[in-house]
Amino acid sequence: MPYVDGFVIPVPLANLDAYRTMAEAAGKVWMEYGALQYWECVGDDVPDGEHTSFPMAVKLQSDEVACFSWIVYTSRAERDRINAAVMADPRLADMQPANMPFDGKRMIFGGFTPVVRLGG
């Protein structure tokens, strides 16, 4: 059964180019190790909510945009194997929290088992 890692990330508008560069490099590594899909999306219709919302969840500031990302794997076991390999890959050694083009403390992430899948 497929497995999905999902992320919501507050990215400063001034760092969007750096974020894209980092994401492209990281995505290539994830795909090399066996991820099926790697998506990075920048919010352009992400309204504030009254009770919950993407902006509220990451404490989005006025100079930031919410990014939504996900990685698809063939299974949870494959996700665990791939993530271990990615984290050990020297090409991503400089991707430490202090070097990220966003505030990693406000990033939301988790692993998910699909329950409905339609299309592709």
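Predicted model: local features only at pLDDT ≥ 70, side-chain atom pairs only at ≥ 80, totals over all residues.
User: What makes the rings of Phe54 and Phe68 a pair, and why is the pair called tilted?

Analyst: Ring centres must lie within 6.5 Å to pair, and those of Phe54 and Phe68 are 5.7 Å apart. Planes under 30 degrees apart would be stacked and those over 60 edge-to-face; here the planes stand at 45°, so the pair is tilted.

User: Which parts of the chain does the pair link?

Analyst: Distant ones: Phe54 sits in helix α2, Phe68 sits in strand β3 (residues 64-73), and the two are 14 residues apart. Helix α2 itself covers residues 54-57.

User: Why is the pair of Phe68 and Trp70 called tilted?

Analyst: The planes of Phe68 and Trp70 are at 45°, which falls between the limits of 30 and 60 degrees, so this pair is tilted. Their ring centres are 5.2 Å apart.

User: Which residues do ring pairs link into a cluster?

Analyst: The cluster consists of Trp39, Phe54, Phe68 and Trp70.

User: Why is Phe54 called partly exposed?

Analyst: Buried means under 20% relative accessible area and exposed means over 50%. Phe54 has 40%, so Phe54 is partly exposed.

User: Which residues form a nonpolar patch on the surface?

Analyst: Val46, Phe54 and Phe68 form that patch, and together they have about 240 Å² of accessible area.

Terms used. Residues numbered from 1 in each chain as written. Heavy atoms only, no water. Patch = residues over 30% accessible without salt bridge, like charges linked within 9 Å, V, L, I, M, F, W, Y side chains within 5 Å. Areas by Shrake-Rupley, 256 points an atom, 1.4 Å probe, with all protein chains shown as cover. Salt bridge = Lys/Arg side-chain N within 4 Å of Asp/Glu carboxyl O. Helix = DSSP H or I, 4+ residues; strand = E, 2+ residues; numbered from the N terminus. Phe/Tyr/Trp six-rings, centres within 6.5 Å; stacked < 30°, edge-to-face > 60°. Buried < 20%, exposed > 50% of the residue type's maximum accessible area, 1.4 Å probe, protein only.
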